[in-house]
Amino acid sequence: MIEFEVFGRPAPQGSKTIMRGRLVETSKYLPAWRKALAEAATEAHAETGFYSSQPLSVSVIFTLAKPKTVKREEPTVPPDLDKLARSLDSLTGILYDDDAQIVKMHLRKQYGEPQGAVIKIEEL
């Protein structure tokens with residue numbers, strides 16, 4: 001089992017648009033978020049030695065900044081939770097062989113500070 005924190009602005013992966021005839025990600029924050037994920041996972045791997053080729057359970061809590069004008073308690077607006085989870089592809093080759101090994105996921109998004117995610121990965 002490994003658990004670690006990632007700091008930075010969580011960004012969705014998978015929303016695409018066509019610009020100048022090329023298909024590109026719409027989130028300008030994705031490259032920085034993927035880099036933060038990879039760096040945090042690499043550090044966690046170095047500390048624990050965790051690496052798996054077994055079936056995995058993954059739990060992630062994404063923390064997003066609450067806009068000043070928002071009164072609701074829950075983040076029921078974009079980014080979509082399933083698209084935030086796609087960014088976990090960044091952990092492939094660092095903590096596990098392939099994200100296809102993930103057979104169970106628990107995801108949550110919430111408002112708070114600092115922005116980022118808490119990721120917990122367990123072998124089944």
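## Salt bridges and a buried serine

Glu73 counts as exposed, with 61% relative accessibility. That value, like everything here, comes from a predicted model. Glu73 pairs up with Lys66 in a salt bridge, and Lys66 counts as partly exposed at 34%.

How many salt bridges does the structure hold?

| Salt bridge | Distance |
|---|---|
| Lys35 and Glu39 | 3.9 Å |
| Glu73 and Lys66 | 3.8 Å |
| Arg108 and Glu74 | 3.8 Å |

Take the Arg108 and Glu74 bridge, where the two side chains meet at 3.8 Å. Arg108 sits in strand β5 and Glu74 in the loop between β4 (56-64) and α2, so this pair ties together parts that lie 34 residues apart in sequence. Arg108 is partly exposed, at 34% relative accessible area, and Glu74 is also partly exposed, at 39%.

Lys35 is exposed at 53%, while Glu39 comes out partly exposed at 46%.

Now for the serine. Where does Ser90 lie? You'll find Ser90 in the loop between α2 (81-85) and β5 (102-111). Its relative accessibility is 9%, so Ser90 counts as buried, the cut-off being under 20%. Setting aside neighbours within four places in sequence, Ser90 is in contact with Arg34, Leu37 and Ala38. With Arg34 there is also a polar contact, side chain to side chain, at 3.1 Å.

Technical notes. Residues are numbered from 1 along each chain as its sequence is written. This is a predicted model: local features need pLDDT of at least 70, side-chain atom pairs count only at pLDDT 80 or more; totals for chains, interfaces and linings use all residues. Side-chain values use heavy atoms; hydrogens and water are left out. Helices (H or I, at least four residues) and strands (E, at least two) are DSSP runs, numbered from the N terminus. Buried means under 20% relative accessible area, exposed over 50%, partly exposed in between (1.4 Å probe, protein chains only). A polar contact is a pair of N or O atoms within 3.5 Å; within protein, one must be able to donate a hydrogen and the other to accept it, and residues adjacent in sequence count only if both atoms are side-chain atoms. Contact means heavy atoms within 4.5 Å. A salt bridge is a side-chain nitrogen of Lys or Arg within 4 Å of a carboxyl oxygen of Asp or Glu.
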